[in-house]
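Subject: Structure for you to look at

Hello,

I am handing over the structure we spoke about. Please open it first, then read the notes below.

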Amino acid sequence: MQNWDMWGGSKSKPSMEVEAATYADERIGPKILTQPADLDIYEKQNAEFSISADLAEGTTSGELSYQWYQVNRSGYRATLADGEGISGTLTDTLTLSGVT
């Protein structure tokens, strides 16, 4: 069984991390409504992580953009890109297919 911990910090398992930009003026930064949940999955299963966000209160225009990252045990953050077994890296839902 593989555990995908969205916030990392564990030395014993792989992790995925989601970060939102922060702004000095909260009215222009995104507001995260729902954080991705940690998952316990078996090898060869698919994993899906979702985040729900909205523009800050008082914002009248603009759009949200997304980028998913993988953090290794040393804390190095790598940008994920769509490819074999990975999709949705620029959307609000990341899918990992056939996790090993």
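**What I found**

Start with Thr-91, which sits in the loop between β9 and β10. Please keep in mind that this is a predicted model.

Thr-91 has partners from elsewhere in the chain. Leaving out residues up to four places away in sequence, Thr-91 touches Tyr-66 and Trp-68. Gln-67 is 24 residues away in sequence, yet the C-alpha atoms of Thr-91 and Gln-67 are 7.1 Å apart. A polar atom of the Thr-91 side chain lies 2.8 Å from the backbone oxygen of Thr-93.

**The other threonine in this loop**

Thr-89 also lies between β9 and β10. Is Thr-89 buried or exposed? Its relative accessibility is 3%, under the 20% cut-off, so Thr-89 counts as buried. Its side chain makes a polar contact with the side chain of Asp-82, at 2.8 Å. Beyond four places in sequence, Thr-89 touches Tyr-66, Gln-67, Trp-68, Leu-80, Ala-81, Asp-82 and Leu-94.

Gly-88 belongs to this hairpin as well. The hairpin of β9 and β10 has five residues between its strands, and Gly-88 takes a positive phi near 85°.

**The sheet around it**

Which strands go with β9 and β10 in their open sheet? The order is β5-β10-β9, three strands with antiparallel pairing. β5 and β9 (86-87) are at the edges, and each has a single partner strand, so one side of each lacks a neighbour in the sheet.

Now the pairings. β9 and β10 are antiparallel and share two bridges. Ile-86 stands opposite Leu-96 in β10. β5 and β10 also run antiparallel, joined by four bridges. Here Glu-48 has Thr-95 of β10 as its bridge partner.

**The core**

The largest nonpolar core has nine residues. They are Ile-41, Ala-47, Phe-49, Ile-51, Trp-68, Leu-80, Leu-94, Leu-96 and Val-99. Which elements give two or more residues to this core? They are β5 (47-50) and β10 (93-96).

Some names return here. Leu-96, a member of the core, is the residue opposite Ile-86. Trp-68 is in the core and is touched by Thr-91. Trp-68, Leu-80 and Leu-94 are core residues, and they are among the contacts of Thr-89.

Asp-38 lies in the loop between β3 (30-34) and β4 (39-41). Asp-38 is partly exposed, at a relative accessible area of 44%. Its C-alpha atom is 8.2 Å from that of Phe-49, eleven residues away along the chain. Phe-49 is one of the core residues.

Lys-44 is in the loop between β4 and β5. Its phi is near 80°, a positive value in a residue other than glycine. At 60% relative accessibility, over the 50% cut-off, Lys-44 counts as exposed.

**The chain as a whole**

What does the secondary structure come to? The chain has zero helices and ten strands. Of its 100 residues, 28% are buried. Among contacts with a separation of 6 or more, 49% join residues 24 or more positions apart. The chain exposes about 6,700 Å², and carbon and sulfur atoms supply 46% of that.

The mean pLDDT of the chain is 75, and 70% of the residues score at least 70. Confidence is highest in β9, at 96. Confidence is lowest in strand β1 (residues 2-4), with a mean of 44. Over residues 1-24, pLDDT stays under 50. The model still has 65 contacts beyond four places in sequence for those residues.

Best wishes

Terms used: Residues numbered from 1 in each chain as written. Heavy atoms only, no water. Core = buried A, V, L, I, M, F, W, Y, C linked by side-chain atoms within 4.5 Å. Buried < 20%, exposed > 50% of the residue type's maximum accessible area, 1.4 Å probe, protein only. Contact = heavy atoms within 4.5 Å. Areas by Shrake-Rupley, 256 points an atom, 1.4 Å probe, with all protein chains shown as cover. Pairing = 2+ DSSP bridges. Polar contact = N/O pair within 3.5 Å; in protein donor to acceptor, adjacent residues only side chain to side chain. pLDDT = per-residue confidence, 0-100.
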